[in-house]
Amino acid sequence: MALLEVKNVTKRFGKVEVLKGIDFSLEKGQVLSIIGSSGSGKTTLLRCLNFLETPDTGVISVDGNDIFDAEDTKKMSAAAIRESRLRFGLVFQSFNLFPQYSVMENLMLAPKLRAKEEIKAAKGTRAQLKQRFAEIEENAREILASVGLSDKEDSYPCQLSGGQQQRVSIARALMMKPDILCFDEPTSALDPELTGEVLKVIKGLRDEGRTMIVVTHEMEFARNVSDNVIFMANGVIEEQGDPEELFGAPKSTILQSFLSGIKK
Amino acid sequence: MAITWSSFCKVTLRLLEGFETTCLIFALTLVLALPLGLIISFGSMSKFKPLAFITRVFVWIIRGVPLMLQIFVVFYVPRLLWHWPFLSRFNAVIVAFVINYACYFSEIYRGGIEGIPRGQYEAGEVLGMTKSQIFFKVVLMQVVKRIIAPMSNEIITLVKDTALARVIMVAEILKVAEEYASTSALIWPTFYTAVFYLVFVGVLTLLFGYIEKKLSYYKA
């Protein structure tokens with residue numbers, strides 16, 4: 001069974017129908033790239049998966065459980081959304097690190113708040129909380145090392161380059177142990193010489209077997225890294241499939257002109 | 001008339017008594033108006049439109065009418081309408097000041113809060129944080145940094161606005177000094193009060209400078 005299943009998701013903003021019925025599925029350990037021109041709806045789709053937008057219709061299920069169903073609003077309590085959205089992680093185009101916190105604090109803030117709540121709900125002791133915090137700290141160090149930023153633990157976001165900030169932001173998303181990690185144009189805000197280090201980290205995550213959805217304009221990257229590519233245009237999935245096929249022999253004229261436009 | 005050492009000391013001591021009242025008005029107003037202003041700013045930013053509208057009209061009235069007039073209203077209106085002296089002179093001053101300053105503060109908060117990029121909230125949300133966690137752990141500290149300059153401006157204005165308390169006979173420092181002018185024909189105590197205000201504002205300026213420096217370790 002597919003890890004993620006998206007069925008008939010639609011979304012409109014006022015009169016504009018941004019998503020006109022999106023269906024796709026994603027297997028565990030696979031990397032899916034979503035490409036398409038600006039305004040095609042790819043970012044909105046990603047935001048729907050992360051509950052930053054609420055789809056008007058459709059069902060989203062993870063591991064066979066419907067975590068979102070437009071017909072069944074009972075699942076939509078704030079508490080339920082909080083639980084469900086942790087199935088997904090999201091890395092933003094503009095990083096959105098918390099500027100007043102150091103790199104380590106950025107990584108540990110959300111997990112520590114969560115640990116505090118859980119210990120409190122279970123009427124746990126201070127010692128248990130301390131234990132959890134120590135685990136979180138250890139975990140943060142490991143993840144930071146995996147994105148190659150061990151020496152930046154105590155730096156603040158403003159002291160880091162864009163590429164480093166984005167790597168911290170990937171590490172921060174990993175701290176919540178998401179089933180599916182989403183990237184919203186992770187290199188679009190970066191200078192060309194800095195995109196490489198971020199793409200390298202994403203490639204490393206693929207090699208670890210992480211399930212990921214990457215909205216990207218980096219066609220080379222999409223072609224080399226993904227197991228599957230979706231091309232979106234005007235709120236629908238125009239074409240999807242194996243990256244070699246999709247890039248090598250695009251069927252629709254709209255994808256052909258999109259790809260040739262990029263090559264120019 | 002010559003200023004003798006003994007009259008200088010006597011006046012200084014009397015002025016210090018008045019200055020105590022000045023400081024009390026200042027401190028009480030600050031302590032009460034800072035949180036009230038935050039609540040009012042939430043009202044004016046509310047998604048529930050009628051509440052936002054009413055709050056904004058209220059802020060418009062309070063900011064649109066002289067503080068002196070508001071002190072008169074708070075003190076005299078209950079007495080005239082219901083013969084009900086429910087507030088002492090001093091308490092009437094505090095009520096008027098707190099409401100007035102809370103409204104000014106609320107607009108500063110609003111500017112600060114609305115200036116925080118949407119992405120900060122979204123980052124907190126996708127990390128599974130609750131709305132209140134996001135506000136208190138992520139947003140608030142950034143708001144403080146953003147508003148420290150306009151706030152210090154407003155707070156320094158408050159130091160000098162305390163002098164308005166004298167319109168309903170509350171004996172703050174300037175009122176005490178004016179009594180010398182009217183009873184003993186001494187004008188210099190009135191000018192002398194400037195020293196007290198300047199020292200007070202000087203200390204505040206240093207304090208705000210210190211806070212700004214403390215918060216300069218990051219760029220928003």
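Mentor: The contact (heavy atoms within 4.5 Å) takes 25 residues from chain A and 20 residues from chain B. This is a predicted model, in which local features need pLDDT of at least 70 and side-chain atom pairs count only at pLDDT 80 or more, while totals for chains, interfaces and linings use all residues. Residues are numbered from 1 along each chain as its sequence is written, chains are lettered from A and ligands numbered from 1 in the order in which they are written, and side-chain values use heavy atoms, with hydrogens and water left out.

Between chain A and chain B about 2,100 Å² is buried (accessible area, 1.4 Å probe, that the two parts lose on being put together, summed over both); carbon and sulfur atoms give 63% of this area. Of the area that chain A buries against chain B, 26% is supplied by Phe98(A), Pro99(A) and Gln100(A), more than any other three residues.

Arg85(A) forms a salt bridge with Glu125(B), and their closest N and O atoms are 3.5 Å apart. On the side of chain A that touches chain B, the elements giving two or more residues are α2 (78-85), β6 (88-91), α3 (103-121) and α5 (162-175), where helices (H or I, at least four residues) and strands (E, at least two) are DSSP runs numbered from the N terminus. The most comes from α3(A), with five residues.

Methods. A salt bridge is a side-chain nitrogen of Lys or Arg within 4 Å of a carboxyl oxygen of Asp or Glu.
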